[in-house]
Amino acid sequence: MTKRIATLLAFASLILLCACKVSYKFNMSSIDYTKVKSIQIAEFPIRSAYVWGPMGPMFNNRLKDQFSDHTKLIQVKRNGDLKIEGEISNYTQRNKSVSADGFSAQTELAITVNVRFTNNTNHNEDFERQFTATSTYETTQSLTSVQEQLVTEMVNDICDQIFNACVANW
């Protein structure tokens, strides 16, 4: 009797599983590919008073890679369905904390990027916004020894923020 009930439950469970359909999107974007097929990503110049040369190409390449890796959009030079442009507007460092002896203990590095996003298929989604990322390092370290790692982390963070704002409408 118990074996028969267990068999019936297993059979019922199998029928339920076959009847249900679960669908997930793993590309991290919510793009309607029937309307949006291309993206135009302009080169972002550095307009900050303080400049670290490799930051510009690092940011531009990472932003393009972000959309290439996570969407099916074709990157075009002009007339894209989506358009992203802007500039790296700020790159600064400032003292973040002071030690007991009155000297700086930590320094905060910050990057701000101004972005203009245009959706030529739905202009209600257009925006101009600033995205900022910060990172802190011990003042006992020199900026030159940590700059590449910190800027890479901040660029990745800002590119994630831009991607989410443009195409990841949760």
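## A tour of the predicted model

Begin by colouring the protein chain by confidence: in this predicted model, the mean pLDDT is lowest in helix α1 (residues 2–19), at 59, and highest in strand β1 (residues 38–41), at 98. Next select residues 19–27, where the pLDDT is below 50 and where the stretch has five contacts in the model beyond near neighbours in sequence. For the protein chain as a whole, the average pLDDT is 87, and 82% of the residues score at least 70.

Turn now to helix α3, residues 143–167, whose 25 residues reach 34 Å from the first C-alpha to the last, close to the 36 Å expected at 1.5 Å a residue. Selecting Gln 149 shows the place where α3 bends by about 25 degrees.

From here, move to the largest nonpolar core, which has 37 residues and in which Phe 59, Ile 84 and Ile 111 have the most contacts. At least two residues of this core come from each of β1, α2 (55–70), β3 (82–98), β4, β5 (127–138) and α3, and α3 supplies the largest share, twelve residues. Select Ile 111 and display its surroundings: not counting residues up to four places away in sequence, Ile 111 touches several residues, among them Met 55, Ile 88, Phe 131, Val 151 and Ile 158.

Finish at Asn 119, which lies in strand β4 (residues 104–119) and counts as buried because its relative accessible area is 5%, under the 20% cut-off. The side chains of Asn 119 and Thr 121 are joined by a polar contact of 2.6 Å. Leaving aside neighbours within four places in sequence, Asn 119 is also in contact with Asp 81, Leu 82, Glu 125 and Asp 126.

Definitions and conventions. Residues are numbered from 1 along each chain as its sequence is written. This is a predicted model: local features need pLDDT of at least 70, side-chain atom pairs count only at pLDDT 80 or more; totals for chains, interfaces and linings use all residues. Side-chain values use heavy atoms; hydrogens and water are left out. Helices (H or I, at least four residues) and strands (E, at least two) are DSSP runs, numbered from the N terminus. Buried means under 20% relative accessible area, exposed over 50%, partly exposed in between (1.4 Å probe, protein chains only). A polar contact is a pair of N or O atoms within 3.5 Å; within protein, one must be able to donate a hydrogen and the other to accept it, and residues adjacent in sequence count only if both atoms are side-chain atoms. Contact means heavy atoms within 4.5 Å. pLDDT is the predictor's confidence in each residue, from 0 to 100. The expected span of a helix is 1.5 Å times one less than its number of residues. The bend at a residue is the angle between axes fitted to the seven residues ending there and the seven starting there. A nonpolar core is a set of buried Ala, Val, Leu, Ile, Met, Phe, Trp, Tyr and Cys residues joined through side-chain atoms within 4.5 Å.
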